[in-house]
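Please look over the sequence and the model below. Then read on for a short tour.

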Amino acid sequence: MTSRRKLLQRAMALGLISPLDACNYEDPQHPDLADDFLHMMSAWNDRVQAALFNPHTLAPTFRPDQITRPPRFNAYYDISQVPVVDPATYQLELGGQIADKSPWTLAQLNALPQEGQITRLTCVEGWRVIGQWAGVPLGQFLRRVGADTTCRYVSFRCADGYYSSIDMPSALHPQTILALQFLGQPLTPAFGAPVRLRIPTKLGFKNPKQIVQLAVTNVYPGGYWEDQGYNWFSGS
Ligand SMILES: Nc1nc2c(c(=O)[nH]1)N[C@H]1C(S)=C(S)[C@@H](COP(=O)(O)O)O[C@H]1N2
Ligand SMILES: [Mo]
């Protein structure tokens with residue numbers, strides 16, 4: 001409660017909420033108000049982060065000798081449970097506000113112009129790794145398939161049931177890629193095969209692996225961790 005109280009005091013000092021709200025917040029008759037308050041603050045936080053996001057600021061890049069070896073796996077389950085997607089039959093499905101929703105095979109994705117990056121992935125658990133990824137810039141892909149880039153969100157569904165979504169300006173950021181390679185080789189299942197999102201301007205959980213569906217929408221899609229209270233924007 002102490003940190004919530006501090007947050008509340010900060011919010012009051014900033015004039016975001018009135019002392020009356022604060023009284024209600026303390027009301028033991030309305031235990032939900034604390035949660036409502038936190039959700040309100042998180043939504044406000046999303047708006048501020050989105051407003052502060054500069055679509056031209058690049059995330060730091062690193063030298064090859066700075067790459068973390070071995071890499072570090074993370075998912076909401078153990079590495080032994082990673083599903084294996086057959087690359088030969090794989091298709092990336094497209095949905096929502098996209099003109100050409102024809103699915104993409106891995107061969108078709110590999111034939112598109114590729115970009116590489118050596119960037120840092122930061123997990124909310126409190127660790128970071130530097131890795132090397134290459135793939136198709138998401139902005140170029142979205143324009144190619146005729147996505148409505150005035151929509152607010154791009155959402156992702158994964159082979160393991162994971163899902164996430166990002167704001168359109170971040171989707172169009174030059175370092176946001178549909179990664180097909182890790183450390184110069186095709187992705188392995190644990191690290192996201194056949195296709196993962198690599199977005200170095202956001203936290204690790206906004207980098208869905210094993211993507212099977214991508215959609216463009218104005219309806220807030222949420223995400224696996226986002227729906228459990230993690231901040232949606234989550235810039236890094
Ligand atoms: N499909 C899928 N993607 C996922 C996750 C997951 O559980 N499933 N976990 C996320 C989290 S919390 C992190 S930190 C990164 C870890 O990526 P890595 O295994 O390449 O280090 O993947 C993200 N993408
Ligand atoms: Mo994470």
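The paragraphs below go from the ligand to the pockets and then to the backbone. Keep in mind that this model is predicted.

Start at ligand 1. Its surroundings consist of 16 residues. The closest are Arg72, Asp160, Arg196, Asn207 and Lys209. What classes make up this shell? It divides into 9 nonpolar, 3 polar and 4 charged residues.

Take Arg72 to begin with. Here the backbone takes part: one of its N or O atoms lies 2.6 Å from an oxygen atom of ligand 1. Asn207 also uses a backbone N or O atom. That atom is 2.9 Å from a nitrogen atom of ligand 1. Lys209 brings in its side chain. A polar atom there lies 2.5 Å from an oxygen atom of ligand 1. How much of ligand 1 does the protein cover? On its own, ligand 1 has 540 Å² of accessible area, and the protein covers 97% of it.

Now turn to the pockets. Which element gives the largest share of the lining? Helix H3, which spans residues 32-52, supplies 10 residues. By class, the lining of the largest pocket counts 12 nonpolar, 4 polar and 6 charged residues.

The backbone comes next. Most peptide bonds are trans, and most residues other than glycine have a negative phi.

Go to Pro70 in the loop between H3 and strand S1 (91-96). The peptide bond that leads from Arg69 to Pro70 is cis. Its omega is near -5 degrees. Next, find Pro194. This residue sits in the loop between strand S8 (185-186) and strand S9 (196-198). The bond from Ala193 to Pro194 is cis too, with omega near 0 degrees.

The last stop is Leu183. Where is it? Leu183 lies in the loop that runs between strand S7 (177-182) and S8. Is its phi positive or negative? The phi of Leu183 is positive, about 50 degrees, although this residue is not a glycine.

Note on methods: Residues numbered from 1 in each chain as written. Chains lettered and ligands numbered in written order. Predicted model: local features only at pLDDT ≥ 70, side-chain atom pairs only at ≥ 80, totals over all residues. Heavy atoms only, no water. Near = heavy atom within 4 Å. Polar contact = N/O pair within 3.5 Å; in protein donor to acceptor, adjacent residues only side chain to side chain. Areas by Shrake-Rupley, 256 points an atom, 1.4 Å probe, with all protein chains shown as cover. Nonpolar A, V, L, I, M, F, W, Y, C, P; charged D, E, K, R; others polar. Helix = DSSP H or I, 4+ residues; strand = E, 2+ residues; numbered from the N terminus.
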